[in-house]
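Me: I am new to this structure and would like to go through it by question and answer. Please show it first.

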Amino acid sequence: MSEPFRILQQLHDRGVAADIDAATLSPAEVVKGHASAWGGPGNLYPIRPYTLTPSALETFIVRERIHVRIDGLGEDIVDLHGMAIYRRHDPHSATELDWASSTITAQFLSLQVTGHSEIFGQVKVSNTPSKSEGARVKPSPAPDDGTTMPIKDCITMIYPRFEVEQLGTTVDTGDQVVRLESRVAMVPPIGDVSRTSRSYALYDSEGRQLGELIAADIEIGNLLHHVPITSAVVPAELARLLA
């Protein structure tokens, strides 16, 4: 059984819900979450701006919006909802280990979101577990004097797969990683929206281009599950991808 599936199964077995007693999941206290989070109550520990948090395995509600063109079917904007799992690594810094100067990396373990389109029918989007995927939050120097800003740059790099009902097959971006960007004031980035800045060709399993991912964004909602871990070292392949 793969690690993401095992984690999802554990969530199912534990009956995770917004009104669950978090003491049954972890020693963390229940908090209301950041005001910008769209998912309502349910975060499992205090999430404060400009504050470093230790490494952890975490599960979030996510919303994704994709603007897609499929040859022979048409073009549509589709809203999708589901869940994502990250392994967040220890923060590190070349100087003082504080929020402003630290870099934080998270490994993307699983993404599963589903939506409906009048043109495409049911659409499912998932990540590609066989490839390194993740996010990096790093210091953002001010353009005038180079001082470190409290708001940090965030990039997310994933290889999404799109299962399109009316197409009858799954398409993806091939070897091209999809880059989404945002600016964050906290980690985990509750309420954050990361967006693409360019389009990506979509291919079938035989490498034929069948359409285009014109634009996409991913919004982080409630923190559903939080498991502190002693340490988490960034895999070398992921570090190269996010460099």
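**Strands, rings and a cavity**

Reply: S1 and S2 pair in the antiparallel sense, over 15 bridges. The model is a predicted one.

Me: Which residue takes a positive phi in the hairpin of S1 and S2?
Reply: The hairpin has 3 residues between its strands. A positive phi near 85° is found there at Gly72.

Me: How many bridges join S2 to S3?
Reply: S2 and S3 run antiparallel. Met83, for one, stands opposite Gln112 in S3. The number of bridges joining S2 to S3 is 9.

Me: What is the separation of the C-alpha atoms of Ile214 and Ile66?
Reply: Ile214 is found in strand S12, and its relative accessible area of 25% makes Ile214 partly exposed. Along the chain, Ile214 and Ile66 are 148 residues apart. Their C-alpha atoms are separated by 7.7 Å.

Me: How many cavities of 30 Å³ or more are there, and what is the volume of the largest?
Reply: The count of cavities of 30 Å³ or more comes to 4. For the largest cavity, the volume is about 250 Å³.

Me: Which residues that line the largest cavity are the closest to its centre?
Reply: The lining of the largest cavity has 19 residues. They divide into 13 nonpolar, 3 polar and 3 charged. The closest to the centre are Tyr86, Ala135, Cys154, Pro189 and Ile220.

Me: Which strand gives the largest share of the lining of the largest cavity?
Reply: Several strands each supply at least two residues of this lining, including S1, S2, S5 (134-141), S6 (148-158) and S12 (209-228). The largest share is 3 residues, and it comes from S3.

Me: The structure holds 3 aromatic pairs. Is the pair of Tyr50 and Trp99 stacked or edge-to-face?
Reply: The ring centres of Tyr50 and Trp99 are 6.5 Å apart, and their planes are at 65°. Planes over 60 degrees apart count as edge-to-face. Therefore the pair of Tyr50 and Trp99 is edge-to-face.

Me: Where in the chain do Tyr50 and Trp99 lie?
Reply: The pair links distant parts of the chain, 49 residues apart. Tyr50 is in the loop between helix H1 (3-14) and S1, and Trp99 is in the loop between S2 and S3.

Me: Is Trp99 buried or exposed?
Reply: Tyr50 has a relative accessible area of 44% and is partly exposed. For Trp99 the relative accessible area is 6%, and buried means under 20%, so Trp99 is buried.

Me: Which residue lies over the face of Trp99?
Reply: The distance from the ring centre of Trp99 is 5.1 Å, and the residue over its face is Lys152. In another such case, the ring of Tyr200 has over it, 4.1 Å from its centre, the charged end of Arg198.

Me: Why is the pair of Tyr86 and Phe108 described as stacked?
Reply: Tyr86 in strand S2 and Phe108 in strand S3 are 22 residues apart. Their ring centres are 4.7 Å apart. The pair is stacked because the planes are at 15°.

Me: Which residues form one aromatic cluster?
Reply: Tyr86 is buried, with a relative accessible area of 11%, and Phe108 is buried at 4%. The cluster is formed by Phe60, Tyr86 and Phe108.

How values were computed. Residues are numbered from 1 along each chain as its sequence is written. This is a predicted model: local features need pLDDT of at least 70, side-chain atom pairs count only at pLDDT 80 or more; totals for chains, interfaces and linings use all residues. Side-chain values use heavy atoms; hydrogens and water are left out. On a 1 Å grid over the protein atoms alone, a cavity is a set of points where a 1.4 Å probe fits but cannot get out, and a pocket is an open set with protein on both sides within 12 Å along at least five of seven lines; lining residues have an atom within 4 Å of a point. Grid points are joined across faces, edges and corners, and a volume is the space filled by probe spheres set on the points. Helices (H or I, at least four residues) and strands (E, at least two) are DSSP runs, numbered from the N terminus. Ala, Val, Leu, Ile, Met, Phe, Trp, Tyr, Cys and Pro count as nonpolar, Asp, Glu, Lys and Arg as charged, and the others, Gly among them, as polar. Rings of Phe, Tyr and Trp (its six-membered ring) pair if their centres lie within 6.5 Å; planes under 30 degrees apart count as stacked, over 60 as edge-to-face and the rest as tilted. Buried means under 20% relative accessible area, exposed over 50%, partly exposed in between (1.4 Å probe, protein chains only). A charge sits over a ring if NZ of Lys or CZ of Arg is within 6 Å of the ring centre and within 35 degrees of the ring normal. Two strands pair if DSSP finds at least two bridges between them.
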